[in-house]
Amino acid sequence: MKRRDFLASGAGLGVAALSGCTTTSGFASPPATGEALVQPIGAPMQPIISSMNRVTRTIVGLRPFRKPGPRLEAVKVGSKNVVHNYGHGGGGVSLSWGVAELAATLAKQSNYDSVAVLGSGVIGLSTATLLQRAGANVTIYAKDFPPNTTSNVAGAMWHPVTLYEGDQVTPETLAMLDLASRIAFNRFIRFANDSKYGVYWIRQYSFSDTPINTDRPYVGGDALYPGLVRNRPGGPFGFAYYDAFYTLMIDPDIYLRALVNDFLAAGGKMREKTFESEADLENLAETNIVNCMGLGSGKVFGDESIVPARGQLSFLLPQSNIEYGYAGSTPEHGLLYSFPRKTGILLGGSVDKGDWSLEPRQDEVRRMVDGHAFLASRLTVKG
Ligand SMILES: Cc1cc2nc3c(=O)[nH]c(=O)nc-3n(C[C@H](O)[C@H](O)[C@H](O)COP(=O)(O)OP(=O)(O)OC[C@H]3O[C@@H](n4cnc5c(N)ncnc54)[C@H](O)[C@@H]3O)c2cc1C
């Protein structure tokens, strides 16, 4: 992805170019507390060990990026009542419980004894779960189920970003995203440090060599980002400015497995089915349908505003001493981000709009491994 797109798409990470200077200015270094599951924002950090011989796997996913932002609305399609809930770009995991609640509220305006949810990624599973809890008999129909969904490829850090093109989003959609973010965050927080769901706290940095724009709060409001500091001078990687906050990491393989198990245990049904066009909806027994088919919605419902935003991730062998993530852009290595998972250190940094390829690219693996090694070598406050 071009840096300009990343900023214009509501990324909010304030990344910018790297000058090459190293500074610790403005970045305090209190001692690490040892017992804390997540260290103070300014505490020393261990470098990640990024080398090709520590790469365990590389995966690719296509974010369902919709230029005007996610679609959340109730429409009539033939004889069916359809609520659309798709197009969550790079923030679908983060937004999931929020948009699920808003979509469920729309679905409950019709008779909802029996509901079909199309799609079994994080959006479909969350929506199905909430409708089920409201008393509906829910069947999920999908082409693929976890672990074979885009949602399983997500990072996934709780930070709704890359959600829309700045010149195409409406104020109503921005307000919806703020509301959905607040609902979602407050649900996710209940899973924190519950190993069944794979959700845990991290500290997160973004860095820049130009001042970080603070005109707008982060999506959902700054209160959703505990410990938030913005546009501070210095920072751990020696850039001119940084933002930092605490947030939640969601390990999608663990999390989605738990959602599937919860849904099935509560009597939910799952059926394999591929929809080619909206006419196929007439074959469903249910009159009330929630469409959560992500990128697949484009073809089925003729929505040309949704495009893939390809992302490739590589994983390094795990390091127990890494409990921080970061994101930023460097002139030498481009966009880079890393999140700590219990199962491995995630290396990312690609958001390629319009690219449908699911094949891992070896040159990208090398760029990320080298780029993250470069950032690790710049750490100014090593533990
Ligand atoms: C590399 C990468 C990193 C990411 N990082 C983050 C992150 O840090 N934080 C975050 O919040 N989000 C992140 N995301 C974004 C997140 O993954 C998506 O926004 C989210 O997974 C979308 O969920 P979904 O349920 O709409 O789509 P999906 O997971 O794609 O699920 C769609 C479902 O619909 C089904 N389907 C599609 N078409 C059809 C059809 N024609 N017929 C029947 N079924 C169909 C599929 O089989 C699947 O079950 C990332 C994504 C990628 C690729």
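Two strands count as a pair here if DSSP finds at least two bridges between them. With that in hand, here are some close-up views of this predicted model.

View 1. The protein has 7 helices and 15 strands. Of its 383 residues, 50% are buried. Among contacts between residues at least 6 apart in sequence, 79% join residues at least 24 apart.

**View 2. Strands S2 and S3 form a hairpin.** Strand S2 (residues 71-77) pairs with strand S3 (residues 80-86) over 7 bridges, in the antiparallel sense. To find your way along the pair, look for Ala74, which stands opposite Val83 in S3, and for Glu73, whose bridge partner in S3 is His84. There are 2 residues between the strands, and Gly78 in the turn has a positive phi of about 60 degrees.

**View 3. A shell of 40 residues is found around the ligand.** Gly92, Gly121, Gly155, Gly296 and Gly311 come nearest. Elements giving two or more residues to this shell are strand S1 (55-66), helix H2 (92-107), helix H3 (122-133) and strand S11 (306-316). By class, the shell has 16 nonpolar, 20 polar and 4 charged residues.

**View 4. The loop between S5 and helix H4 (171-188) holds Pro147, Ala156 and Thr162.** Most residues other than glycine have a negative phi, and most peptide bonds are trans. Against that background, a cis peptide bond joins Pro146 and Pro147, with omega about 15 degrees. The peptide bond from Gly155 to Ala156 is also cis, with omega near -10 degrees. Thr162 has a positive phi near 50 degrees. Thr162 counts as buried because it has 24 C-beta neighbours inside 10 Å, and the cut-off for buried is 20 or more.

**View 5. Asn193 sits in the loop between H4 and strand S6 (199-208).** Asn193 is not a glycine, yet its phi is positive, at about 65 degrees. Is this residue buried or exposed? Asn193 has 10 C-beta neighbours inside 10 Å, so it counts as exposed.

**View 6. Ala373 is found in helix H7 (residues 362-377).** Leaving aside residues up to four places away in sequence, Ala373 touches Ser50 and Ser51. Ala373 and Ile48 are 325 residues apart in sequence, while their C-alpha atoms are 7.4 Å apart in space. With 17 other C-beta atoms within 10 Å, Ala373 is partly exposed.

**View 7. Lys299 has its place in helix H6 (residues 297-301).** Lys299 has 14 C-beta neighbours inside 10 Å and so counts as partly exposed. From C-alpha to C-alpha, Lys299 and Glu278 are 9.1 Å apart in space, and 21 residues apart in sequence.

Terms used:
Residues numbered from 1 in each chain as written. Predicted model: local features only at pLDDT ≥ 70, side-chain atom pairs only at ≥ 80, totals over all residues. Near = placed C-beta within 6 Å. Helix = DSSP H or I, 4+ residues; strand = E, 2+ residues; numbered from the N terminus. Nonpolar A, V, L, I, M, F, W, Y, C, P; charged D, E, K, R; others polar. Buried ≥ 20, exposed ≤ 12 C-beta atoms within 10 Å, placed from the backbone. Contact = placed C-beta atoms within 7 Å.
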